[in-house]
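Here's a quick tour of a protein model and its ligand, written with modelling work in mind. Have a look at the sequence and the 3D view, then dig into the notes below.

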Amino acid sequence: MDSFGVEDASNLYGIDSWGAGYFGVDEEGFLQVIPTKTNGNRVEVIKIVEDIKKSRMGTPLLLRFPQILSTQVKSLAEAFDRAIKEFNYQQQYYPVFPIKVNQQRAVVESLIEAGYNYRLGIEVGSKPELVGALSLTLPEGALTICNGFKDQEHLETVCLGLRMGRQIVVVVEKPFELDPLIELSKTDQPMPWIGFRVKLNAKGSGLWEKSGGSASKFGLSTGQLLQCIERLHQARMINHLKMFHFHIGSQITEIRRIKDAIKEAARVYAKARKMGIAVEYLNVGGGLGIDYDGSKTSSDASVNYSIDEYANDVVYTIADVCQTEHVPHPKLVSESGRALVAYHSMLIVDARDQINERSVKKPNFNGKEPQVVEDLVYIHKNMGVKNYREFYHDALERRDELNTLFNLGMIELEDRAKGEWLYWDIARQAVKYSKSAKFVGDEFVDLEHRLFEKLICNFSVFQSIPDHWALDQLFPVVPIHRLNEKPTRRATIVDITCDSDGEVDKFVDLKDIKPALEVHELIPGEPYYLAFLLIGAYQDTMGDLHNLFGAVNEAQVIVDQTGKPIVQNAKRGDTIGKALETYGYEPDKLIRNLKANLQEKVTQGKMTTAEASKLVEEYKRRFNAYPYLT
Ligand code: PLP
């Protein structure tokens, strides 16, 4: 066996490149998590999985690391604090967590706790999010920002929050949203602060580019902004206008785009200040991205900047514009969501089988095969580096002929199997020979992709990594053990849904996107676990119940200074009963129906009452089971 060390594994999977210091590999070949980025607090992921398994909670299993949330909040807030000091900025930074990025209560509460000293506030985009957010204990000065479309009830909830002492900014996304606010000002209800979302010409970059620019769904154009300012003047409400806000999309891959947007927004702020409007806050929205592939480039799965560079550019650019326009510095707000939560969770899945054509045993050839199979035997025997292209094309033709003859009833199953085995072995050899050529033609690249094996893993792409299915978003995937052993297979990962889209066939790579992942050969009777990492942003609530695979088992894990994992809040995933109930199959009704059906069979003498009762009892037990493979 070639020598293969943990450093090779780290390079192969890019762990040091995208891991941001949160993940490592130990000498025994186990993936480790280091949630505070300090050496003592590191633990092997497999240890956590095995610990949790003892309470009969198996994979798929979602692990959350609240210490990673704290570390991220701290690094974002401190990056801004450093920039504020360096550029002698006269105001403070007010981070705000957009709750839509991960609404899980435990996640939000961990963030708020970690961000208490940094004035971390919350951004909501809907009534349920607002109602949830009002229960949180925020520090003095922290903001609650209401984005998205709002109706009367939403505003009533805002007033409720104001009466509780919350500092709430209602962001006007469209001119018509001013009407209910003006009406509210005529009542004796408390008034929220008003923010205006400004539509910038600057656009983001990457998968979410269309959230920004002049054609974007949200925001006020320059003309609308001026009209709204005028309406506030007329209603004697201009002193309520406290914030300008913009958001040009999530995961902005290029820092240049961020700087362009900030320059434009800072100018809007400065010009408004010069019109005598005392806007206090400039909210730069979300968009601070994550380096999912570790390439530090502007590819869709990466970003060409760091948190420090982002903070420096925001602070410096705004200060610079304010200086040239002679206006005071605004208080700074960012709604960074992905950057705070992406690293904190990982999904552990177990591989169940490896499917490939290679696993079909070589058939016995007796020399009496039909001509088409004989021809394939000839190609198989005589193909070499010089003729592989031509011989492969001949093999393709013979394979089509084999199918035609079979459909006409002229070929038996046994001979068809022999022909297919020969074709796939020829294809494998052709790919091998093509690699020695200077230029590999597209057809052999495609052929190689078709030859990758499929690793069947116990999870649902649709439930756990919906952005991979919907947007081709890449997430790092790594085996959590055997990392001191050279992986000998290349595979795509297929889930257990009955859907051909339930497949991961794009993987992070420093230079490119890999069409297959390096994996180990499964050892019969031994589990093989893989981790999907950096899935903490957006995936939790976007997932769906395709095939009725619901939420997976999950647990929070704290790692103490001796590297001991402390498992908290272990929560079983949705049961079969819960998944069914979501779509109107109430377990009680199902059981009643079943009883009635079986009673009929008893009456017809097809089974006894005891047999019927036993079946009902067994059926009832199914409702409490985990929908995934156990
Ligand atoms: N703010 C607004 C208005 C958004 O629409 C979003 C998400 O798209 C965010 C903040 C969070 O963005 P991100 O997760 O990129 O920080």
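For residue classes, Ala, Val, Leu, Ile, Met, Phe, Trp, Tyr, Cys and Pro count as nonpolar, Asp, Glu, Lys and Arg as charged, and the others, Gly among them, as polar. By that scheme, the second largest pocket is lined by eleven nonpolar, eight polar and seven charged residues. Bear in mind that this is a predicted model: local features need pLDDT of at least 70, side-chain atom pairs count only at pLDDT 80 or more, and totals for chains, interfaces and linings use all residues. Residues are numbered from 1 along each chain as its sequence is written, and side-chain values use heavy atoms, with hydrogens and water left out.

**Pocket and cavities**

- Both come from a 1 Å grid over the protein atoms alone: a cavity is a set of points where a 1.4 Å probe fits but cannot get out, while a pocket is an open set with protein on both sides within 12 Å along at least five of seven lines, and lining residues have an atom within 4 Å of a point.
- Grid points are joined across faces, edges and corners, and a volume is the space filled by probe spheres set on the points.
- The second largest pocket holds about 610 Å³ of space, and of its 26 lining residues, Arg56, Gly58, Tyr626, Leu629 and Thr630 are the closest to its centre.
- Strand β13 (residues 345-355) gives the most to that pocket's lining, with three residues; helices (H or I, at least four residues) and strands (E, at least two) are DSSP runs, numbered from the N terminus.
- Searching the whole structure turns up five cavities of 30 Å³ or more, and the largest cavity contains about 70 Å³ of space.
- Helix α10 (residues 255-274) is the top contributor to the lining of the largest cavity, with three residues.
- That lining has nine nonpolar, two polar and no charged residues, including Phe246, Val284 and Tyr310.

**Ligand site**

- Oxygen atoms of the ligand lie 2.6 Å from an N or O atom in the side chain of serine 250, 2.8 Å from a polar backbone atom of glycine 337 and 3.1 Å from a polar side-chain atom of histidine 247.
- Taken alone, the ligand exposes 400 Å², and the protein buries 92% of that (Shrake-Rupley method, 1.4 Å probe).

**Arginine 482**

- Arginine 482 sits in the loop between β15 (477-479) and β16 (489-494).
- With a relative accessible area of 13%, arginine 482 is buried (under 20%; exposed is over 50%, partly exposed in between, with a 1.4 Å probe and protein chains only).
- Its side chain makes a polar contact of 2.9 Å with the side chain of glutamate 485 (a pair of N or O atoms within 3.5 Å; within protein, one must be able to donate a hydrogen and the other to accept it, and residues adjacent in sequence count only if both atoms are side-chain atoms).
- The arginine 482 side chain also reaches the backbone oxygen of glutamate 521 at 2.9 Å.

- The threonine 59 to proline 60 peptide bond is cis, with omega near 0 degrees, and proline 60 lies in the loop between α3 (45-53) and β4 (61-64).
- Alanine 20 has a positive phi of about 55 degrees despite not being a glycine, and counts as partly exposed at 28% relative accessibility.
- Lysine 37, another residue other than glycine, has a positive phi near 60 degrees and lies in the loop between β2 (31-33) and β3 (43-44).
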